[in-house]
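Let us walk through this structure step by step.

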Amino acid sequence: MSDETQQPEPPSDREGAVGERVPAVTVGLFGPRRLVKTMAEVGQEVADRSAHGIRFLTGGYDDQSDAEERYLRLRDRIDSAVFPGPWAFDLATTGHWLTVPSTHLPLTGAALYAALLRASLTIEGADLSRVSIDSLSLADVTEAYGEIGLDTAQVYDVPYEGPVSVEGFASFHRDKWERQHTTVALTTILSVERELRADGVPVMRIAPTRSSVRDALETAVLLGQGTRMGAHQLAMIAVQVIPSGAESGDYWQQELALSTHQKLLSEARQVGASVTRRSDTLFLVTTTHGALVRLTEQFTVAPFLSALTAQLGVPVAVGAGTGQTARAAEANALMAVEDSVAAGGKVAVYLDGGSDRLDLEPGPATADAAPVDSAPLDQRALEIVTSIASAMSATPGRQVVVDVESVAAIMQVTQRTGRRMLKELVEAGLAWPLPPARSTGGGRPRQQFRLLTEKLD
């Protein structure tokens with residue numbers, strides 16, 4: 001069996017989670033190769049019976065030390081995972097490399113029955129009333145033996161009590177065998193089986209039954225569907241600019257709003273989010289819960305807060321909210337941003353509409369905005385904007401604002417040509433059209449443009 005196999009891609013849209021539609025899921029199967037082969041066979045049965053798109057990716061290994069590497073190869077392609085038992089599951093959890101909801105195959109009395117039967121048929125001299133057993137609880141062992149009418153007076157059991165307990169399993173079985181207290185060792189751990197077999201101890205591995213494998217896979221499918229539906233839950237991020245009061249006036253407000261919108265578009269584009277301007281100081285970013293998780297680095301960092309504050313030079317408040325509808329997500333985001341404003345923009349706030357409220361600290365400040373367009377700037381447009389900026393004796397750091405008349409005068413062209421030049425600058429990303437200024441004498445207000453002279457550096 002190869003390290004990594006998969007069923008054919010289901011016909012339904014794996015990315016879709018619209019309305020009541022259940023999304024397709026991908027489940028990772030991890031464990032010793034022989035067990036993973038059984039898991040994949042049962043998985044095919046589960047997929048064939050399901051009305052929803054399900055596929056299974058396998059990551060079998062020969063040694064537990066390879067488990068993390070096998071998992072990391074598949075982690076970006078799975079929605080949930082199944083591990084061979086509690087030991088492997090706990091190692092993944094305590095090792096902090098588990099990234100999706102996961103479960104493990106249960107070790108029950110049914111698995112013990114199967115192991116006892118195989119031992120009686122394949123191990124010469126095996127006395128089922130004189131065995132050593134690891135991993136299972138004493139209650140499970142007692143119940144299983146009671147149901148088959150065997151005495152447990154000479155049955156020795158050491159339960160699983162965390163990853164550290166596994167270190168003593170081999171010596172436990174070896175000691176009982178060498179003292180002639182037992183005739184066979186029953187273990188759930190592949191490495192323990194190999195060690196005992198090398199020492200000449202009769203050993204049989206307790207393997208989950210196909211029924212328990214099926215139950216675990218169906219649980220993992222439900223976990224994966226929850227992941228997929230959660231990732232597609234609507235999320236809103238409200239961004240509120242908090243004017244410092246150092247500057248005022250309509251023009252400054254409009255300019256700040258344009259700068260905020262432009263920089264926010266650049267940031268949001270990285271996760272495919274959309275940006276809506278509600279006012280000169282309030283913006284809404286529409287995205288999904290999954291994208292919000294990425295933006296916040298698993299809800300540990302405030303989205304946009306540090307970057308916008310550094311780039312704009314004014315305080316910014318950020319509130320994030322989720323909900324099953326756009327209205328619910330928006331309401332939560334707006335309530336959250338009010339709390340962020342109250343905190344002076346020092347933290348972002350997340351609300352999910354339930355009991356969860358998180359204060360997210362700003363990440364590292366970066367004053368450099370992400371490039372809006374990596375394409376080379378148009379040479380003619382560069383020459384035009386350079387000429388205009390030079391003629392206006394622009395002070396470093398001071399904004400350059402022009403209109404058609406001023407461009408025509410500086411470039412010594414007709415107003416029609418000046419209008420065309422400004423259009424070229426806008427298309428090249430070297431100018432922004434500003435909201436029309438109010439006209440005090442009536443008539444059509446003049447259209448002004450801000451030259452992005454910072455791109456000339």
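Strand β5 (residues 131-135) runs parallel to strand β6 (residues 156-159), and 4 bridges join the two. Strands count as paired if DSSP finds at least two bridges between them. In this pairing, I133 stands opposite D157 of β6.

A word on the source. This is a predicted model, where local features need pLDDT of at least 70 and side-chain atom pairs count only at pLDDT 80 or more, while totals for chains, interfaces and linings use all residues. Residues are numbered from 1 along each chain as its sequence is written, and side-chain values use heavy atoms, with hydrogens and water left out.

Now the whole chain. It holds 16 helices and 17 strands. These are DSSP runs numbered from the N terminus: helices are H or I with at least four residues, strands are E with at least two. Of the 457 residues, 44% are buried, meaning under 20% relative accessible area with a 1.4 Å probe, protein chains only.

Leaving aside residues up to four places away in sequence, F304 touches I237, V239, L264, E267, A268, V285 and L295. Contact here means heavy atoms within 4.5 Å.

Finally, the aromatic rings. The structure holds 7 aromatic pairs. Rings of Phe, Tyr and Trp (its six-membered ring) pair if their centres lie within 6.5 Å; planes under 30 degrees apart are stacked, over 60 edge-to-face, the rest tilted. Y71 and W97 form a tilted pair, 5.2 Å centre to centre with 55° between the planes. Y71 sits in helix α2 (residues 67-74), W97 in the loop between α3 (86-94) and β4 (102-104). Both residues, Y71 and W97, are buried. The rings of F83 and W97 have centres 6.3 Å apart and planes at 65°, so this pair is edge-to-face. Ring pairs link F30, Y71, F83, F89 and W97 into a cluster.

Definitions and conventions:
Buried < 20%, exposed > 50% of the residue type's maximum accessible area, 1.4 Å probe, protein only.
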